[in-house]
Amino acid sequence: MTAPAPSHENIALLIDADNAPAAKIDFIIAELASYGVVNIRRAYGNWKKTALAGWEKILHDYAIQPVQHFDIIKGKNASDMALLIDAMDLLYTKNIGTFCLVSSDCDFTPLILRLRADGKQVIGFGGNKAPSPFVNSCTRFLYLEDEKKAAASSSEKRSGSAQLKKDAKLMNTLRSAVEAVEDEDGWASLGPIGSHIANQGSFDSRNYGFRKLSDLFAAIDAFEVKKQKTADTTRILVRRAPRKSGGQ
């Protein structure tokens, strides 16, 4: 599934530095450039901790403002609450269209739901172990795993038609999107399919090991994919494959 066309929408990037890898900042910034301009960039944490040294080294390079909060008691930090308060302040005082939250902490789920209830887009970035309520509450969520581990995960768990078809939620999402916009011959244009999926909840084909939504459809034998060329452009069309006798 591809990102939307670039715009000048204002974006607030809020980083939970305790629960996010600094090494992935290039990917995060590049991804957000597809949505608009990241005018607000803040990273929250107790910067006296050696664990945040990776973030501390790149803050100036990416114009990220460090927000310092000491741990109130051992084992508890105040940076999560500071991030939440700042997000609500930005919601009411700034013209922010998209909030980006970099974390894997499920405690931020109510914040995301509140931002979305106000019509804001929320892009999430986090680890592979991010809880499903946190992931599903985002408009879109992308995993920040080590590339080798992510590739291994994709090849072992998500590649191949048979494996993908075992994911009932994925299959229901894809089928319902095609059915919602298909023509009388059963063919549906990929653009409207992607929009229908995005309206349902957090989804990105890259989380299944495929760079494009069309590649994901093509990898599943339950669908047919074709290109339709016109004088001005080329459309990608998808339809449900005919059921095989005795098959799934």
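The protein contains ten helices and nine strands, where helices (H or I, at least four residues) and strands (E, at least two) are DSSP runs numbered from the N terminus. The model is predicted, so local features need pLDDT of at least 70 and side-chain atom pairs count only at pLDDT 80 or more, while totals for chains, interfaces and linings use all residues. Residues are numbered from 1 along each chain as its sequence is written, and side-chain values use heavy atoms, with hydrogens and water left out.

Of the 248 residues in the protein, 43% are buried; buried means under 20% relative accessible area, exposed over 50%, and partly exposed in between (1.4 Å probe, protein chains only). Contact means heavy atoms within 4.5 Å. Among contacts between residues at least 6 apart in sequence, 61% join residues at least 24 apart.

The interior can be described through its nonpolar cores, each a set of buried Ala, Val, Leu, Ile, Met, Phe, Trp, Tyr and Cys residues joined through side-chain atoms within 4.5 Å. The largest nonpolar core has 25 residues, and those with the most contacts inside it are Leu13, Ile15, Ile28, Leu32, Trp55, Val102 and Phe125. Two or more residues each come from β1 (10-16), α1 (25-32), β2 (37-45), α2 (53-58), β4 (98-102) and β5 (121-126). The element that gives the most to this core is α1, with four residues. Apart from this core lies another, of 24 residues, among them Ala82, Leu91, Phe99 and Val122.

Phe125 illustrates such packing. Leaving aside its neighbours within four places in sequence, Phe125 is in contact with residues including Phe27, Ile28, Leu32, Cys100, Val102 and Phe141.

A pair of helices comes next. The axes of α3 (residues 79-93) and α4 (residues 109-117) come within 11 Å and cross at roughly 5°. Because angles under 35 degrees count as roughly parallel, α3 is roughly parallel to α4. Leu83, Leu84, Ala87, Met88, Leu91 and Tyr92 in α3 meet Leu111, Arg114 and Leu115 in α4. The residues of this contact divide into eight nonpolar, no polar and one charged.

Finally, the cysteines may be considered. A disulfide is a covalent bond between the sulfur atoms of two cysteines, and here a pair of cysteine sulfur atoms within 2.5 Å is counted as one. By this rule the count comes to zero disulfides. The sulfur of Cys100 lies 8.9 Å from the closest cysteine sulfur, in Cys138, which is too far for a bond. Cys100 is buried, with a relative accessible area of 1%, and Cys138 is buried as well, with a value of 0%.

Conventions: Axes fitted to C-alpha atoms, helices over the stretch in contact; angles between N-to-C directions. Parallel < 35°, antiparallel > 145°, perpendicular 65-115°, else oblique. Nonpolar A, V, L, I, M, F, W, Y, C, P; charged D, E, K, R; others polar.
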